[in-house]
Amino acid sequence: TFPTPIPVGGTLQSSRTWTSGNVYHVTSNLTIPYGVALHIEPGTIVKLDPYLDIEVDGVLIADGTASEQIVFTSSWDDTYGGETGDGNVAWERLHLDVSSNGSLLDHVLIRNGGRYHSNANYVNDMVVMNSDSVISNSIIEDRHRHYSDGRYYGVNMSAGELRDSVI
């Protein structure tokens, strides 16, 4: 059985830690502002409702292990964290903005994001990295939609490092 999901969202006012073994249910856009850090412990599951973003202007440390990865997925994905929602609309993206230098995602599984915008004819990448941050030993999979020409983009990087990971 899974623990009762902990609802989260909005702008973090201070640094905090999301603890191992819990399911955090993002119910509104989540912002980590400059000067604030969010640490996510190994074995934590983060589920996002449709259309939502995690915007990182501060620091995000999601430091999983090979045996206890950290999972970011859609609220309707019952594979991880149990039942938290219905539907099939993806969450938007995890955005590591220019001021999020020093962020780390290690042994992380990111899935079921990158929502397609039919009215604007574009697709969000699941991860956008514009800072000197690192993603390592991670998997980015099951993007919600492909581009109309069949291309698949899970990560959009203008800075940072992507190491030993599978997209």
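The chain contains 18 strands and zero helices, where helices (H or I, at least four residues) and strands (E, at least two) are DSSP runs numbered from the N terminus. This is a predicted model, in which local features need pLDDT of at least 70, side-chain atom pairs count only at pLDDT 80 or more, and totals for chains, interfaces and linings use all residues. Residues are numbered from 1 along each chain as its sequence is written, and side-chain values use heavy atoms, with hydrogens and water left out.

**Burial and contacts**
- Of the chain's 167 residues, 47% count as buried, meaning under 20% relative accessible area, with exposed over 50% and partly exposed in between (1.4 Å probe, protein chains only).
- Among contacts (heavy atoms within 4.5 Å) between residues at least 6 apart in sequence, 60% join residues at least 24 apart.

**Nonpolar core**
- A nonpolar core is a set of buried Ala, Val, Leu, Ile, Met, Phe, Trp, Tyr and Cys residues joined through side-chain atoms within 4.5 Å.
- The largest such core has 31 residues, of which Ile40, Phe72, Leu105 and Ile110 touch the most other members.
- Strand 3 (residues 23-32) supplies the largest share of this core, four residues.
- Leaving aside residues up to four places away in sequence, Ile40 touches Trp18, Val46, Leu60, Ile61, Ala62, Asp63, Ile70 and Phe72.

**Surface**
- The accessible surface of the chain is about 7500 Å², and 47% of that belongs to carbon and sulfur atoms; areas come from the Shrake-Rupley method with a 1.4 Å probe, and for residues only the protein chains shown count as cover.
- Met157 lies in strand 17 (residues 155-157) and counts as partly exposed because its relative accessibility is 33%.
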